[in-house]
Amino acid sequence: MKPKQKKILAAAISVFSTKGFHQATMDEIARTAGVAKGTLYYNYASKSTLFSAAITDGIEAIIDQVREALSSDLPFHRHLRKLVEKNIALYLKYSDLTRIVFNELTSGMDEGVLEEIERVRERYVDFMADQLKVGQAQGYLRPVDLKLAAVGLVGLVENLCAYHLKNPGKTSRRQMEETLFTFLATGICRET
C-alpha cells in the first residue's frame, strides 16, 4: 500500500470514528489526510468503498500483529494470556477503528460494502477460533463450540475496552488483562 493511501485510511478512520459514517464527509476526510478531494476519489470511488477499505485494512493489520505475537511454542495457558494481552493492547491502540467495526455498521451503505465488512469481521472471529483450537487439541479447553467461544472472547475484549475508554482512570489495562484471562482460564480451561 502506498504511503498516501495509508494516510487516507488513517484519516478516514479518525473521521468515521468521530462523526459516524453518515455524518462524515469526503471533504473532511481529504482535509484530515492533507490530500486533494480528487486524490481521495482517485483512490476510493465512494465514501462506502473508503469505509470498507479502512475497516478491512485495519482488521487485517490487527490479525497480522496478533499472529506475529503468538508465533511461539508457549504452553497453552501462556498462549491464551498473550492472546488476551495482545487483543486488549491492539483494541486500545486502534480504538477508533474498533469503535467503528463494533458500533458503526448501519443501514444506508452499499450492500456489497456491508458484506465485505462482515467478511472481515468473520475472518477475525475465525482467526480467534483457530487460536483456541490449539488449546482444545492439546486438551486444555473443554469441548465447547470454538466459533461461539471466539465470538464471546471478541465481545468481552470489546466491552472491557469500551468501558475503559469511556471511564478513564477507573481501570488499568493490566486489570482488564487479568480479569479477562482469569475469566477465560477458569471458565473454559480444564483443571491442570
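With which residue does Arg174 form a salt bridge, and how far apart are the closest N and O atoms? In this predicted model, local features need pLDDT of at least 70 and side-chain atom pairs count only at pLDDT 80 or more, whereas totals for chains, interfaces and linings use all residues. Residues are numbered from 1 along each chain as its sequence is written, and side-chain values use heavy atoms, with hydrogens and water left out.

Arg174 pairs with Glu178 in a salt bridge (a side-chain nitrogen of Lys or Arg within 4 Å of a carboxyl oxygen of Asp or Glu), with 2.9 Å between the closest N and O atoms. Arg174 and Glu178 lie 4 residues apart in helix α9, and are therefore separated by about one helical turn. Helices are DSSP runs of H or I with at least four residues, numbered from the N terminus.

Arg174 also meets the side chain of Glu85 in a salt bridge, at 3.3 Å from N to O. This pair links distant parts of the chain, 89 residues apart: Glu85 is in helix α5 (residues 76-93) and Arg174 in helix α9 (residues 173-187). Glu85 is partly exposed at 22%, and Glu178 is partly exposed at 27%.

Arg174, Glu85 and Glu178 belong to a network of salt bridges that also links Arg81, Arg173 and Glu177. Elsewhere, the side chains of Arg123 and Glu116 form a salt bridge at 4.0 Å, N to O. Arg123 is partly exposed at 33% relative accessibility, and Glu116 is partly exposed at 21%. The whole structure contains 13 salt bridges.

Conventions
Helices (H or I, at least four residues) and strands (E, at least two) are DSSP runs, numbered from the N terminus. Buried means under 20% relative accessible area, exposed over 50%, partly exposed in between (1.4 Å probe, protein chains only).
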